[in-house]
Amino acid sequence: MSTCFGLYVHIPFCRTKCPYCAFDSAPDQDDLIDEYIETLCDEIAARPEQARSFDTVYFGGGTPGLLSEEHMGRITDFIRSELFVKPDAEWTIEVNPGDVTIDKASFWVKKAGFNRISLGVQSFEQNELDFLGRRHDVQDALDAISDCQMTGAKICIDLIQGLPGQNTEQRMRSVHKAASLKPSHISVYELTIDEGSAFHAAGAKFHRPDQDAAADGYLATSKYLRGKGYLHYEVSNYCLDTFDNMAAHNARYWQGRPWLGVGASAHSFDGTRRWWNVRGAAAYIQAMNQAENAIEDTEALTDDQLRLERVALGFRWMGGVARADLHADGVDDKLARLVREKLVMIRDDRVHSTVEGFLIADALARVLA
Ligand code: SF4
């Protein structure tokens, strides 16, 4: 039986550019959408031979929720006609609260076949949404969540913490609100100032929370959500009640399972090799037209690189790391100390981060790999 892949579809269109965002997305490109959608179909049709069956489909961006019904229907129908997607596959769409209407939500679920809607809420505090340059307001977010919940799809609420001057109590306000709405999944990310974002270009010097304050906020968030029935299964991710509510597509990244990415800047991985497409909708279309692929570069991973990736990713989620993958000098002594400090647990020859360990997941990988 062939290995199941995940399918990632990148939609690089946004209405406005948020100042913290370094993703491959841009506004004012509506004239490219027709051709972009047809080019995505061409790339799917020309996929590598081993990508035969799929058990997750993820539309990310950018803002996939911006696409018209015609465009979205064209690409989702094409995927179904061209690929074998398992009947019980997870289909996720990322949307912005400002774009959601009850009709659109109903289309995504009933016609396009998505069964999971990931909402970029980011905050339930208006001053924080303003700082983040979001186009929606708090009421838009509440309405959007309600409209999406009515479809019966699983709902994921994304939040951003660690804004300038934000203390733990302020961090927790949006967390409390999100949990009260009982979505099946909550993601809580720390604000980062990434190269390529407007914040970074402006050289913004924010008063960011110090490390202790950030750790306090992180642990308070985890404790609160766990108390509300959420499983803290990855550094930034929580699922309600059962691991069935975990983000199955994202989990394949942490597990090192293969996926095919299509669209501008999309990355792919087949288990030993990764490749990625050129950035930008126009460059992607041009590359596909000229060469029938848009690959910018390819990287073959050695066994040791694959091991280091398993370690780095394994400490970031509940799956943990195989003990046999840890090769550091004196690793037994180091592990014993980390167990005493309650930063890792060892079960069945696997080493797992605790919630406190999630806070230093990257350091655990460095010290133990
Ligand atoms: S954060 Fe999301 S909505 Fe904002 S510009 Fe980036 S991709 Fe678009």
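User: What radius of gyration does the protein chain have, and how does that sit with a compact globule of 369 residues?
Analyst: The protein chain has 21 Å, which agrees with the value near 21 Å for a compact globule of 369 residues. The radius is taken over C-alpha atoms, and the globule rule is 2.2 Å times the number of residues to the power 0.38. This is a predicted model: local features need pLDDT of at least 70, side-chain atom pairs count only at pLDDT 80 or more, and totals for chains, interfaces and linings use all residues. Residues are numbered from 1 along each chain as its sequence is written, and side-chain values use heavy atoms, leaving out hydrogens and water.

User: OK, and what does the C-alpha trace span?
Analyst: About 55 × 45 × 40 Å along the principal axes of the protein chain.

User: How many of the residues are buried?
Analyst: Of the 369 residues, 52% count as buried. Buried means under 20% relative accessible area, exposed over 50%, partly exposed in between (1.4 Å probe, protein chains only).

User: Switching to rings. How many aromatic pairs are there?
Analyst: The count is 11 aromatic pairs. Rings of Phe, Tyr and Trp (its six-membered ring) pair if their centres lie within 6.5 Å; planes under 30 degrees apart are stacked, over 60 edge-to-face, the rest tilted.

User: Why is the pair of Tyr 253 and Trp 259 edge-to-face?
Analyst: Their planes are at 70 degrees, so the pair is edge-to-face, with ring centres 4.5 Å apart.

User: Is Trp 259 buried or exposed?
Analyst: Trp 259 is buried, at 14% relative accessible area. Tyr 253 is partly exposed, at 24%.

User: Which residues do ring pairs link into a cluster?
Analyst: Phe 13, Tyr 36 and Tyr 284.
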